[in-house]
Amino acid sequence: MKELRSTFTASDGAVISYLDIGEGIPFVWIHGWGGEALTQLPLLRGLAAQGFRCLCFDQRGCGQSPATPNLGVPRSAQDTKELLEHLNIDDAVVLGYSMGGAVLFHYLQEYGTERLSKIIIGDMSPKPVSDGGWKLGIYQGWYTKEQMERDLYNMEHNYKAFSVFFAEQTIFQHTPDEVRTFDESPEFERAVREKSAAAGKTELLEHLIDAPVENRRTNRIYWESCDSRDYRKALKRIDVPTGLFFADPGSLYSPKIAEWIAERVPDTTIYLFHGCTHLASGEKPLEFIKAIADFSKKSGKEKGVLPA
């Protein structure tokens, strides 16, 4: 099976690194916040074995793609388009997961469904910040503009105050009914570490908490670039079959987002990954791969909910 690490030069001269695995249906995974292409390797290999050409590029400042002054969600969307142009692909299935979903939303806003045959929105809200008229943002509707500003401050001055709460909310199941306190206390950190140890998730917790110092500035830029936007109007540009992949009960996002999108976008199929957190693709990798393959290869309009 073909497995390449390659690069292309973007329109602004930046060198973007990407993985190119397998042959067949072109599939692009747009990775999430704090991620890189390499973390998706097991899933990409599994999907490639089912007849896909799997592509995943390191967004700027992540993995092997150097940071540039213009990094952020808009530039990542442009890089997605330029990767497809570079490879002469005009019928890709594109999955944007987590922050990758925001990149996909921005792509839709700017380019519509140009070069896309199908899209998959993975556990992401079109508007991460909630307000009086919107309760489907990150932290299952409990994230406000004021808390985002607090997080951006902490990410610059006290990264752990931000990252411990984020990590706990990511790796453990939650529901929208749970009040989010955004606790920054040492007592909360101790409780999270004890909870993680009991669940065998200490290594994952440490990975999320202790981002390398050189990555923290990049993480802050992407956090603001992603969470400060409202892409609800971009959904009107969707005119291809759309998969909605959401964790249930979830952790960072509510699966009710899938229902909200399905009411506004034609030709959608909801896939719920039961008993999962935001990390569903790693918790149930075989089910996740099967869902991607089934959705990508099906024909016709089959609107409805398919349990994963």
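Colleague: Why is Phe8 called buried?

Modeller: Its relative accessible area is 3%, and buried means under 20%, with exposed over 50% and partly exposed in between, for a 1.4 Å probe and protein chains only. Phe8 is therefore buried. Tyr18, with a relative accessible area of 4%, is buried because that value also falls under the cut-off. This is a predicted model, in which local features need pLDDT of at least 70 and side-chain atom pairs count only at pLDDT 80 or more, while totals for chains, interfaces and linings use all residues. Residues are numbered from 1 along each chain as its sequence is written, and side-chain values use heavy atoms, with hydrogens and water left out.

Colleague: What makes Phe8 and Tyr18 an aromatic pair, and why is the pair called tilted?

Modeller: Rings of Phe, Tyr and Trp (its six-membered ring) pair if their centres lie within 6.5 Å; planes under 30 degrees apart are stacked, over 60 edge-to-face, and the rest tilted. Phe8 and Tyr18 are 6.2 Å apart centre to centre, with 55 degrees between the planes, so they pair and the pair is tilted. Phe8 is in strand β1 (residues 3-9) and Tyr18 in strand β2 (residues 15-21), 10 residues apart. Strands (E, at least two residues) and helices (H or I, at least four) are DSSP runs, numbered from the N terminus.

Colleague: Why is the pair of Trp33 and Trp223 called edge-to-face?

Modeller: The ring centres are 5.2 Å apart and the planes stand at 75 degrees, so the pair is edge-to-face. Trp33 lies in the loop between β3 (25-30) and α1 (41-48), Trp223 in helix α9 (residues 213-227), and 190 residues separate the two. Trp33 and Trp223 are both buried.

Colleague: How do you know that Arg232 lies over the face of Trp134?

Modeller: A charge sits over a ring if NZ of Lys or CZ of Arg is within 6 Å of the ring centre and within 35 degrees of the ring normal. Arg232 lies over the face of Trp134 at 4.8 Å from the ring centre, and Lys81 lies over that of Tyr111 at 5.2 Å.

Colleague: What puts the buried residues of α7 on the same side?

Modeller: Those residues are Phe188, Glu189, Val192 and Ser196. The arc is that of the directions from the helix axis to the C-beta atoms; here it is only 100 degrees, which puts them on the same side of α7. The face turned away from the buried side carries the exposed residues Pro186, Glu194 and Ala198.
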